[in-house]
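Here's a quick briefing to read with the model open in your viewer. Have a look at the fold, then run through the notes below.

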Amino acid sequence: MHHAADGAAGSVSAGDREERVQRFGDRIMSFDYNAPRWRRLRASVLRRDGYLCRYCLRYGRRRQATTVHHIEHADEHPELAYNADNLISLCEACHNKMHPEKAKNAGRYRI
């Protein structure tokens, strides 16, 4: 689903890539959410958004953002995976609503 594009072509072996693969329904994710580049960008986007869920703010609610979401999904647009303009800070409930296949305790959150 997601592809890390750090500019170091060939730096990740097929075996390393396979170790990071996770399945969500019929979709496969291979994006490394523990990569230092992603962790830095994630922290930057959360700071940019004031650590608040951008969707909740649209409705006058102030909820802490805990997740950074790809607006254009990285599986469809891998060139945007590390583009801050394609990322938005969300609370867990809003992120679960965006990705019901990944939701922990699906149905628990109501927005």
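The face of H2 turned away from its buried side carries Pro36, Arg40 and Arg47, which are exposed (over 50% relative accessible area, with buried under 20% and partly exposed in between, using a 1.4 Å probe and protein chains only). Helices (H or I, at least four residues) and strands (E, at least two) are DSSP runs, numbered from the N terminus. This is a predicted model, where local features need pLDDT of at least 70 and side-chain atom pairs count only at pLDDT 80 or more, while totals for chains, interfaces and linings use all residues. Residues are numbered from 1 along each chain as its sequence is written, and side-chain values use heavy atoms, leaving out hydrogens and water.

**Helix H2**
- H2 covers residues 36–48, 13 residues in total, and spans 18 Å from first C-alpha to last, close to the 18 Å expected at 1.5 Å a residue (the expected span being 1.5 Å times one less than the number of residues).
- Trp38, Leu41, Val45 and Leu46 are the buried residues in H2.
- Looking down the axis of H2, those buried residues fall within an arc of 135°, so they line one face of the helix (the arc is taken over directions from the helix axis to the C-beta atoms).
- They pack against strand E3 (67–70) and strand E4 (87–90), with contact meaning heavy atoms within 4.5 Å.
- Just after H2, glycine 50 has a positive phi of about 65°.

**Strands E3 and E4**
- E3 and E4 pair antiparallel over 4 bridges (DSSP has to find at least two bridges for a pair).
- Threonine 67 has leucine 90, in E4, as its bridge partner.
- E3 is covered on both faces: Thr67 and His69 are buried on one side, Val68 and His70 on the other.
- Histidine 70 sits in E3 and counts as buried because its relative accessibility is 4%.
- The histidine 70 side chain comes to 3.0 Å from the backbone oxygen of alanine 81.

**Cysteines**
- How many disulfides does the structure hold? The count is 0, where a disulfide is a pair of cysteine sulfur atoms within 2.5 Å.
- Cysteine 53 is in no disulfide, and its nearest cysteine sulfur, that of cysteine 94, is 3.7 Å away.
- Cysteine 53 counts as buried at 0% relative accessibility, and cysteine 56 is buried with a relative accessible area of 0%.

Note on methods
A polar contact is a pair of N or O atoms within 3.5 Å; within protein, one must be able to donate a hydrogen and the other to accept it, and residues adjacent in sequence count only if both atoms are side-chain atoms.
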